[in-house]
Amino acid sequence: MKFVSATIHNESFIGLLYENKVIDLHKAEKDIFEITSFPETLFECVALGDKFIQDVQQIVDKIKEDGSEGYLYPLQDIKINAPITKPTKNIYCVGKNYQEHVIEMGSVEDIPKHVMLFSKAPTTIIGHDEEIDPHLHITNELDYEGELAVVIGKKGKRIREEDAMDYVFGYTIVNDVTARNLQAQHKQFLLGKSLDTSCPMGPYLVHKSTIKNPYQLSIKTKVNDEIRQNGNTKDMIFSIEHIISTISQGTTLEPGDIIATGTPSGVGKGFNPPKFLTPGDIVEIEIEEIGILKNKIMV
């Protein structure tokens with residue numbers, strides 16, 4: 001199941017990708033079952049857990065049975081927003097979680113022994129096909145980082161690694177856009193990682209049942225059609241289970257929380273000379289079984 005937060009005719013809705021079209025779940029539920037139980041946002045739907053998935057499956061089964069298309073929109077007719085536009089917390093981000101990326105940014109001595117965490121403010125989030133502000137007044141070292149992001153599905157604290165996947169709702173794509181000069185100047189990550197529009201996310205929120213193995217997903221980042229990153233989630237240093245367990249030991253995780261799991265090698269700063277982003281550049285991040293997140297640097 002690939003969910004979307006979307007807009008059509010200036011009206012927002014939650015949808016499900018279905019045979020290259022999108023089901024308007026609010027409209028379908030009302031037409032098919034004569035009820036309106038779904039919340040307005042995907043953020044709220046995630047908290048419903050298995051019940052939400054079961055209700056959506058009933059809608060899909062009914063559409064297959066009846067062939068109804070009154071609540072299906074062609075994909076090209078809708079605007080896809082970030083799946084979760086207003087999380088209640090900062091986005092959790094894992095740094096240095098791919099060995100080759102650690103080396104390109106420093107050396108083998110920098111490979112961490114423990115999960116390295118930082119965060120991005122919620123105001124960084126934008127959706128697929130929205131423009132990234134280059135913030136030229138404060139940086140000329142804007143960089144990209146293609147990442148698999150985990151969306152938490154239920155509340156938990158002190159979660160054991162063996163139970164961690166029970167707390168996952170699904171996965172999406174994040175571009176952890178970074179101002180490298182600010183990251184260096186301030187000796188920490190928050191300001192360099194939290195510029196407005198610096199967290200493109202989407203296009204879909206994919207339920208975990210759809211992903212065969214989260215550790216066998218290719219990650220590719222292109223800038224103006226040039227492949228810059230070409231990695232795979234199998235190369236993570238710290239597993240998703242370990243990351244979730246580590247965060248939750250003293251911090252309560254809640255439905256809709258977002259965890260970006262780190263980026264493979266090939267970021268702009270890793271090249272000699274560096275290949276930073278400039279106005280007009282097109283960044284595309286493709287993660288197997290999820291989709292392609294595309295954004296342009298504002299001119």
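Is Glu 44 buried, partly exposed or exposed? Glu 44 counts as partly exposed, at 39% relative accessibility. Those words have cut-offs: buried is under 20% relative accessible area, exposed is over 50%, and partly exposed is in between, with a 1.4 Å probe and protein chains only.

Hello everyone, and a word on where these values come from. This is a predicted model, so local features need pLDDT of at least 70 and side-chain atom pairs count only at pLDDT 80 or more, while totals for chains, interfaces and linings use all residues. Residues are numbered from 1 along each chain as its sequence is written, and side-chain values use heavy atoms, with hydrogens and water left out.

Back to Glu 44, please. You will find Glu 44 in helix 2, residues 42-46. Helices here are DSSP runs of H or I with at least four residues, strands are runs of E with at least two, and both are numbered from the N terminus. Now look across to Gly 256: this residue is 212 residues away from Glu 44 along the chain, yet their C-alpha atoms are separated by 7.7 Å.

Next, a pair of helices. Two packed helices are described by the angle between their axes and the distance between the axes. Here the pair is helix 1, residues 25-33, and helix 3, residues 50-66; their axes come within 10 Å and cross at roughly 70 degrees. That makes helix 1 roughly perpendicular to helix 3. For the wording, axes are lines fitted to C-alpha atoms, for helices over the stretch in contact, and angles run from 0 to 180 degrees between N-to-C directions. Under 35 degrees counts as roughly parallel, over 145 as roughly antiparallel, 65 to 115 as roughly perpendicular, and the rest as oblique.

The crossing of helix 1 and helix 3 is left-handed, a term for a near helix turned anticlockwise from the far one by less than a right angle, with clockwise being right-handed. Which residues of helix 1 make the contact? They are Leu 25, Ala 28, Glu 29, Ile 32 and Phe 33, and from helix 3 come Phe 52, Val 56, Gln 58, Ile 59, Lys 62 and Ile 63. Contact means heavy atoms within 4.5 Å.

Ile 259, leaving aside neighbours within four places in sequence, is in contact with a group of residues including Tyr 92, Leu 148, Ile 243 and Ile 244. As for helix 7, 7 of its 9 residues are buried, so this helix is largely enclosed by the rest of the structure. Among the buried ones are Ile 240, Glu 241 and Ser 245. The buried residues of helix 7 pack against strand 6 (91-95), strand 7 (116-120), strand 11 (146-152), strand 12 (168-175) and strand 17.

Now, strand 14. This strand covers residues 199-207 and holds Pro 203, and the peptide bond from Gly 202 to Pro 203 is cis, with omega near -5 degrees. His 207 is found in strand 14 too, and counts as buried at 8% relative accessibility. Not counting residues up to four places away in sequence, His 207 touches Met 1, Phe 3, Ile 53, Phe 169 and Gly 170. A cis peptide bond also joins Asn 272 and Pro 273, with omega about 0 degrees; Pro 273 is in the loop between strand 17 (258-260) and strand 18 (282-287).

Last stop: the loop between strand 1 (2-8) and strand 2 (11-18), where we find His 9. Is His 9 buried or exposed? His 9 is exposed, with a relative accessible area of 71%, and has a positive phi of about 50 degrees although it is not a glycine. Asn 10 sits in the loop between strand 1 and strand 2 as well, with a positive phi of about 65 degrees. At 78% relative accessibility, Asn 10 counts as exposed.
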